[in-house]
Amino acid sequence: MTLPRLTAIPADIAAVTDYEPYARERLDDNAWAYIASGAGDEITHHANRGAFDALSLNARVLADVRGGSTALELFGQRFAHPIMIAPVAYQRLAHPDGELATVQAAAALEAGMMVSTLASCRLEDIARYAGAPLWFQLYIQPDRGFTRELVQRAEAAGYSALVVTVDAPIAGIRNREQRARFHLPQGISAVNLQGMRAPQPTLPPGASQVFDGLMAYAATWKDIEQLRGLTRLPLILKGILYPDDAELALAHGVDGIVVSNHGGRTLDTLPASLHALPAIAERVAGRAPLLLDGGIRRGTDVIKALALGASAVLVGRPWLYGLATAGALGVAHVLRLLRDELEVGMALTGCARLGDIGPHLIHKIKEI
Ligand SMILES: Cc1cc2nc3c(=O)[nH]c(=O)nc-3n(C[C@H](O)[C@H](O)[C@H](O)COP(=O)(O)O)c2cc1C
Ligand SMILES: CCCCCCC(=O)C(=O)O
């Protein structure tokens with residue numbers, strides 16, 4: 001038995017993590033296993049949070065922050081704040097309105113949003129509600145012709161950047177999903193992939209299901225080169241954790257990078273995204289903006305990510321729990337809480353603008 005969605009926010013929801021138990025009570029075991037789980041033993045999923053908790057901030061007092069602002073510009077697009085909606089597949093698992101509820105909340109809270117290739121609503125329908133920059137997250141499909149048409153559809157619908165997710169050519173091993181026998185319920189599907197023909201290769205005896213089957217049509221750097229030639233939209237790669245890959249991305253004409261381990265949902269025991277960020281920031285050295293996701297739950301987490309080199313952050317599960325609890329209202333409330341916490345955090349660290357946030361804000365214990 002699942003509880004009905006809320007139409008007002010209860011007083012005991014004061015932080016975004018307070019949504020998790022509310023969401024759990026409103027989702028069945030099947031949806032919960034997909035939404036909440038990480039890969040394997042969920043070591044990376046938990047490490048994402050642990051990395052933020054382990055850092056302390058430096059306070060700065062008596063700073064004049066009047067006229068302060070969280071605004072920023074990325075790829076020539078204006079954002080009221082650096083907190084973006086991460087691409088999340090099949091949002092109708094969390095709420096019948098799915099992505100349509102999320103985009104309306106994002107518009108109300110002026111949050112940039114990335115729409116998944118595996119969205120459960122049509123990308124054109126979602127775009128109609130956009131009120132802040134809307135980016136399309138691309139999973140390169142085995143059918144490259146279909147992939148090109150998808151990109152053209154996103155461009156025509158007004159999406160203003162292409163975010164190619166490169167860390168999940170095959171699904172991670174998610175034991176929680178396996179134990180719950182996760183399946184997409186009737187009526188929920190990747191509607192934007194309708195009509196695509198998936199190749200069904202017959203493998204010779206002894207061939208590997210992974211190398212010769214699932215990975216046979218996986219994207220490579222060549223696809224990034226081709227996409228670069230195909231679109232004039234800013235091209236961003238999501239799922240980079242290793243400096244050499246960041247370097248390769250730049251060499252292939254990529255405009256931005258999302259430092260991400262996919263919320264711990266692909267390969268378990270990858271490093272926390274926050275831990276991977278400094279080395280990538282050092283290598284990229286300002287040549288392209290970096291974004292970060294994985295474990296952002298507080299305004300102070302946003303400050304820590306920016307202090308270590310990110311320009312903006314993506315948030316996944318927290319607003320999904322808001323969506324499951326109270327639809328668009330829940331998503332909007334999660335974004336509001338994070339925005340408010342960011343402003344308080346900036347005020348108390350003496351930062352009037354995002355540009356004032358830097359490595360000096362990360363507290364280092366002085367050796368004695
Ligand atoms: C239920 C769920 C579905 C996701 N679907 C996608 C997806 O379709 N494309 C993608 O690039 N990332 C996907 N992600 C990963 C998120 O974009 C993001 O990297 C991750 O959730 C960030 O971590 P957080 O949940 O701790 O904030 C998904 C994450 C979740 C929780
Ligand atoms: C082959 C990759 C499947 C990923 C499905 C959507 C996603 O990104 C996620 O669940 O996480």
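Trainee: What makes helix α1 roughly perpendicular to helix α13?

Mentor: In this predicted model, helix α1, residues 19-26, packs against helix α13, residues 317-348, at an angle of about 110°, with the two axes 7 Å apart. Angles of 65 to 115 degrees count as roughly perpendicular, and therefore α1 is described as roughly perpendicular to α13.

Trainee: Which residues of α1 and α13 make the contact?

Mentor: On the α1 side they are Y19, E20, Y22, A23 and R26, while α13 contributes P318, Y321, G322, A324, T325, G330 and V334. Sorted by class, the residues of this contact comprise seven nonpolar, three polar and two charged.

Trainee: Why does H262 count as buried?

Mentor: A residue is buried if 20 or more other C-beta atoms lie within 10 Å of its own, and H262 has 25 C-beta neighbours inside 10 Å, so H262 counts as buried. H262 sits in the loop between β8, residues 256-259, and α11, residues 273-284, and, when residues up to four places away in sequence are not counted, H262 touches D167, A168 and G239.

Trainee: What is said of the backbone of H262, and what does UniProt annotate there?

Mentor: The phi of H262 is positive, at about 65°, although H262 is not a glycine. The unreviewed UniProt entry carries the annotation "active site" for H262, an annotation that may be inferred rather than shown by experiment.

Trainee: Which residues surround ligand 2?

Mentor: H262 is one of them, and the others are A89, L118, A168, I170, A171 and R265. By class, this shell around ligand 2 has five nonpolar residues, one polar residue and one charged residue.

Trainee: How many residues surround ligand 1, and which are the closest?

Mentor: Ligand 1 is surrounded by 24 residues, and the closest are A86, S116, T165, G263 and G316. The elements that give two or more residues to this shell are α2, residues 29-36, and β10, residues 312-315. The shell around ligand 1 divides by class into ten nonpolar, ten polar and four charged residues.

Trainee: Why is E42 called partly exposed?

Mentor: The partly exposed class lies between the buried class, with 20 or more other C-beta atoms within 10 Å, and the exposed class, with 12 or fewer. E42 has 17 other C-beta atoms within 10 Å, so E42 is partly exposed. E42 is placed in the loop between α2 and α3, the latter being residues 43-53, and the phi of E42 is near 60°, a positive value in a residue other than glycine.

Trainee: How do you know whether E177 is buried or exposed?

Mentor: The cut-off for a buried residue is 20 or more other C-beta atoms within 10 Å, and with 21 C-beta neighbours inside 10 Å, E177 therefore counts as buried. E177 belongs to helix α7, residues 175-179, and, leaving aside neighbours within four places in sequence, E177 is in contact with A33, Y34, S37 and F182.

Trainee: Where does UniProt place the domain feature, and what is the helix and strand content of that span?

Mentor: The unreviewed UniProt entry places "domain: FMN hydroxy acid dehydrogenase" at residues 8-367. That span is 39% helix and 11% strand, and its end C-alpha atoms lie 50 Å apart.

Definitions and conventions
Residues are numbered from 1 along each chain as its sequence is written. Chains are lettered from A and ligands numbered from 1 in the order in which they are written. This is a predicted model: local features need pLDDT of at least 70, side-chain atom pairs count only at pLDDT 80 or more; totals for chains, interfaces and linings use all residues. Axes are lines fitted to C-alpha atoms, for helices over the stretch in contact, and angles run from 0 to 180 degrees between N-to-C directions. Helices (H or I, at least four residues) and strands (E, at least two) are DSSP runs, numbered from the N terminus. Angles under 35 degrees count as roughly parallel, over 145 as roughly antiparallel, 65 to 115 as roughly perpendicular and the rest as oblique. Two residues are in contact if their C-beta atoms, placed from the backbone, lie within 7 Å. Ala, Val, Leu, Ile, Met, Phe, Trp, Tyr, Cys and Pro count as nonpolar, Asp, Glu, Lys and Arg as charged, and the others, Gly among them, as polar. A residue is near a molecule or strand if its C-beta atom, placed from the backbone, lies within 6 Å of it.
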